[in-house]
Amino acid sequence: MELRFSKKSWKRAAERAREAAVDAAGLAVAAARTVEEKAEEAAGRARLRTEIKDLEEEIRLQMQAVGELVYATHTGTPSDSEDIQEILEYTDGLYQQLAGRRRALRELEGLARFCVCGEENPPENSFCRACGRPL
């Protein structure tokens, strides 16, 4: 049995092969974009975790400094209360930054959704439990 292919059938087969190649290339590009997005998300989470650890360490050091100043006062070495106040105000700012980073990490990890009102909501909520706005 001999197979015969006309020019028309060869053209049709070639066109189908080209379309399949274009489709495969499109799928490969989409997959690469997905991998890139996931890698960027992972890098963002890692960056936030590092920032959180750094902020926690800085808070620990600042609180240690306050403790040393208070102890120095207790043992008879006078400490300037303005120094303590300045350190505590700086630490308050660190705590605010820390809360923001933790919030961003929870959102990136899909553990929480945040409304424009600032309320944290479970990821399955469609509406804010505080103000009722759509999330």
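I began with R49, which is partly exposed at a relative accessible area of 39%. The model I am reading is a predicted one.

I then looked for the partner of R49. Its side chain meets that of E109 in a salt bridge, at 2.5 Å from N to O. I located R49 in helix 1 (residues 7–74) and E109 in the loop between helix 2 (81–108) and strand 1 (113–114), so this pair ties together parts that are 60 residues apart in sequence. I noted E109 as partly exposed too, with 32% relative accessibility.

Next I turned to E120. I found a salt bridge between E120 and R106, whose closest N and O atoms are 2.8 Å apart. E120 belongs to strand 2 (residues 120–121) and R106 to helix 2, so the contact ties together parts separated by 14 residues in sequence. I recorded a relative accessible area of 28% for E120, which is partly exposed. R106 is partly exposed at 27%.

I went on to E119, which forms a salt bridge with R129; the closest N and O atoms lie 3.5 Å apart. E119 sits in the loop between strand 1 and strand 2, while R129 sits in the segment after strand 2, ten residues away.

Finally, I noted the total: the structure holds eight salt bridges, among them the pair of E109 and R49.

Conventions:
Residues are numbered from 1 along each chain as its sequence is written. This is a predicted model: local features need pLDDT of at least 70, side-chain atom pairs count only at pLDDT 80 or more; totals for chains, interfaces and linings use all residues. Side-chain values use heavy atoms; hydrogens and water are left out. A salt bridge is a side-chain nitrogen of Lys or Arg within 4 Å of a carboxyl oxygen of Asp or Glu. Helices (H or I, at least four residues) and strands (E, at least two) are DSSP runs, numbered from the N terminus. Buried means under 20% relative accessible area, exposed over 50%, partly exposed in between (1.4 Å probe, protein chains only).
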